[in-house]
Amino acid sequence: MHLGGGSLGSARVLSERWTHEMRTNYTSAVDGPEQGGAHGLGWYIERLSPDGQALSISHGGALGSMLWIDLD
């Protein structure tokens, strides 16, 4: 869904705007790119482009699970 700009196949899951918002850095003053990462809405942003957008996102889960998406 993130790779499809909010769509999964032919189904629209989120608007492109909200997909973009989820991957936007909202914590640069706390742990911004110079620290190696930041936080978006529900996602940890591991790399940032010059415009502040995520290039990879991840989210940890229970019992050691991890979802990681390379947006490149």
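Colleague: Which residues make the nonpolar surface patch of about 310 Å²?

Modeller: This is a predicted model, and in it one of the residues to look at is Trp18, which lies in helix H1, spanning residues 16-22. Trp18 has a relative accessibility of 40% and therefore counts as partly exposed, and a patch member needs over 30% relative accessible area. The nonpolar patch is made by Trp18, Tyr26 and Leu41.

Colleague: How far from the centre of the ring of Trp18 is the charged end of Arg17?

Modeller: A charge is counted as sitting over a ring when CZ of Arg is within 6 Å of the ring centre and within 35 degrees of the ring normal. The charged end of Arg17 does sit over the ring of Trp18, and its distance from the centre of that ring is 4.7 Å.

Colleague: To what number does the count of aromatic pairs come?

Modeller: A pair of aromatic rings is described by the distance of the centres and the angle of the planes. For rings to pair at all, their centres have to lie within 6.5 Å. By this rule, the number of aromatic pairs comes to zero.

Colleague: Is His2 buried or exposed, and which residues does it touch beyond four places away in sequence?

Modeller: His2 is placed in the segment before strand E1, which covers residues 7-8. Its relative accessible area is 7%, and because buried means under 20%, His2 is buried. Leaving aside residues up to four places away in sequence, the residues that His2 touches are Thr19, Met22, Arg23, Trp43, Ile57, Ile69 and Leu71.

Colleague: What distance separates the C-alpha atoms of Arg23 and Leu55?

Modeller: Arg23 is placed in the loop between H1 and helix H2, the latter formed by residues 28-31. With a relative accessible area of 16%, Arg23 is buried, and Arg23 is also among the residues that His2 touches. Arg23 and Leu55 are 32 residues apart along the chain, and their C-alpha atoms are separated by 8.5 Å.

Colleague: What distance separates the C-alpha atoms of Leu71 and Leu55?

Modeller: Leu71 lies in the segment after E6, and its relative accessibility of 21% is the reason why it counts as partly exposed. Leu71 and Leu55 are 16 residues apart along the chain, and the separation of their C-alpha atoms is 5.1 Å.

Colleague: Near what value is phi of Leu63?

Modeller: Leu63 is found in the loop between strand E5, residues 54-60, and strand E6, residues 66-70. Leu63 has a relative accessible area of 91% and is therefore exposed. Its phi is positive, in a residue other than glycine, and lies near 60°.

Colleague: What pattern does the chain follow when read along the sequence, and what percentage of its residues count as buried?

Modeller: The chain contains two helices and six strands, and read along the sequence these follow the pattern β-β-α-α-β-β-β-β. The chain exposes about 4600 Å², of which carbon and sulfur atoms supply 58%. Of the 72 residues, the share that counts as buried is 33%.

Methods
Residues are numbered from 1 along each chain as its sequence is written. This is a predicted model: local features need pLDDT of at least 70, side-chain atom pairs count only at pLDDT 80 or more; totals for chains, interfaces and linings use all residues. Side-chain values use heavy atoms; hydrogens and water are left out. Helices (H or I, at least four residues) and strands (E, at least two) are DSSP runs, numbered from the N terminus. Buried means under 20% relative accessible area, exposed over 50%, partly exposed in between (1.4 Å probe, protein chains only). Accessible areas come from the Shrake-Rupley method with a 1.4 Å probe; for residues, only the protein chains shown count as cover. Patches are made of residues with over 30% relative accessible area and no salt bridge: like charges are joined within 9 Å, nonpolar side chains (Val, Leu, Ile, Met, Phe, Trp, Tyr) within 5 Å. A salt bridge is a side-chain nitrogen of Lys or Arg within 4 Å of a carboxyl oxygen of Asp or Glu. Rings of Phe, Tyr and Trp (its six-membered ring) pair if their centres lie within 6.5 Å; planes under 30 degrees apart count as stacked, over 60 as edge-to-face and the rest as tilted. Contact means heavy atoms within 4.5 Å.
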